[in-house]
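Have the model open beside the text as you go.

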Amino acid sequence: KIILPKVENPDDVKRAASILKSTPTLFQVQIESALGLAEVNEIAKSSERLDALIFGPGDFTASLGARLSHIGESSEGIDIYAYPLMAILTAARAYGLRAIDGPFSDISDLDGLRKSATRSATLGYDGKWAIHPNQIEIIRHIAKSLPVGYLLLVKEHPSQKVRGWRKISAYLPVRSIIWARKSLSSVLSGSKVTRLPLCSEP
């Protein structure tokens, strides 16, 4: 996989795909500017070789002219990242991509990192960048402690009157995943279940 920084339009992705057309490389693109965010939906559907959208908070806030002390940290009472995080996540989910949050730059502020990581994990982000070894375990712990989203595609049992496919969303604590795997077959006896994780498992 290759990370493409500062992607601002679909042509950026298409050019990279053309240059590397002889390889099976997948791309993770960084949304790091106002223009990139404005084009995020077009970017998300620009190539079948896209794997993930990554939010780049540092250069993004610079492109807005925002005045922040540290990358990834909102000012008191102003959550400057609420809109871009939701816009990127929505585009990623709409087109079957992973969504990854960018870094929290103040490596001495572990409480701030916890808040930042908890926010993106709660929204449904699949991961978050770390820029220092001390940040890794905190991010992992938060990802494991929150519920994990599942999309279940259930094929109705032939004996039921209503046939076809229907979607069921379920949110389970990570500690319940093993139990759920064993129980689903009995709860949905006779049905075919395909589990598609919406968040990374530990």
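The report below covers the sheet, the cores, the aromatic rings and a few single residues.

## Ground rules

This is a predicted model, in which local features need pLDDT of at least 70, side-chain atom pairs count only at pLDDT 80 or more, and totals for chains, interfaces and linings use all residues. Residues are numbered from 1 along each chain as its sequence is written, and side-chain values use heavy atoms, with hydrogens and water left out.

## The sheet

Let us begin with the strands. Five of them make an open sheet in the order β1-β2-β3-β4-β5, with parallel pairing. Its edges are β1 (2-4) and β5 (127-128); each has a single partner strand, so one side of each is left without a neighbour in the sheet. Helices (H or I, at least four residues) and strands (E, at least two) are DSSP runs, numbered from the N terminus, and two strands pair if DSSP finds at least two bridges between them.

Going through the pairs, β1 and β2 run parallel and are joined by three bridges, with Ile2 opposite Phe27 in β2. Five bridges pair β2 with β3 in the parallel sense, and here Val29 stands opposite Leu53 in β3. Strand β3 (residues 50-55) is joined to strand β4 (residues 98-101) by three bridges, again in parallel; Ala52 stands opposite Arg98 in β4. A right-handed β-α-β unit is made by β1, helix α1 (residues 10-19) and β2. Right-handed means that, with the strands pointing away from the viewer, the path from the first strand over the helix to the second runs clockwise.

## A covered strand

How many residues of strand β2 (residues 27-31) are buried? Five of its five residues are, so the strand is mostly covered; buried means under 20% relative accessible area, exposed over 50%, and partly exposed in between (1.4 Å probe, protein chains only). Phe27, Val29 and Ile31 point one way from β2, while Gln28 and Gln30 point the other way, and all are buried. In a regular strand the side chains alternate between the two faces of the sheet.

## The nonpolar cores

A nonpolar core is a set of buried Ala, Val, Leu, Ile, Met, Phe, Trp, Tyr and Cys residues joined through side-chain atoms within 4.5 Å. The largest has 26 residues, of which Val29, Leu53 and Ile88 touch the most other members. Two or more residues come from each of α1, β2, α3 (40-44), β3 and α5, and α5 gives the most, with six residues.

Leu53 has contacts, meaning heavy atoms within 4.5 Å, with residues including Val29, Val40, Ala44, Ile88 and Ile100, leaving aside neighbours within four places in sequence. A second, separate core of seven residues includes Phe104, Ile138, Ile142 and Leu146.

## Helix α5

The buried residues in α5 include Pro84, Leu85, Ala87, Ile88, Leu89, Ala91 and Ala92. At 1.5 Å a residue, the 13 residues of α5 should span 18 Å, and its end C-alpha atoms are 18 Å apart, which agrees; the expected span is 1.5 Å times one less than the number of residues. Just after α5, Gly96 takes a positive phi of about 70 degrees.

## The aromatic cluster

Which residues form one aromatic cluster? They are Phe55, Phe60 and Tyr81. Rings of Phe, Tyr and Trp (its six-membered ring) pair if their centres lie within 6.5 Å; planes under 30 degrees apart count as stacked, over 60 as edge-to-face and the rest as tilted.

The structure holds two aromatic pairs. The rings of Phe55 and Phe60 have centres 5.5 Å apart and planes at 65 degrees, so this pair is edge-to-face. Phe55 and Tyr81 are also edge-to-face, at 5.7 Å centre to centre with 70 degrees between the planes.

## Two single residues

Thr61 is found in helix α4 and is buried, with a relative accessible area of 8%. Not counting residues up to four places away in sequence, Thr61 touches Ala66, Leu68, Ile80 and Tyr81.

Lys6 has its place in the loop between β1 and α1. Its phi is near 50 degrees, a positive value in a residue other than glycine. Lys6 is partly exposed, with a relative accessible area of 42%.
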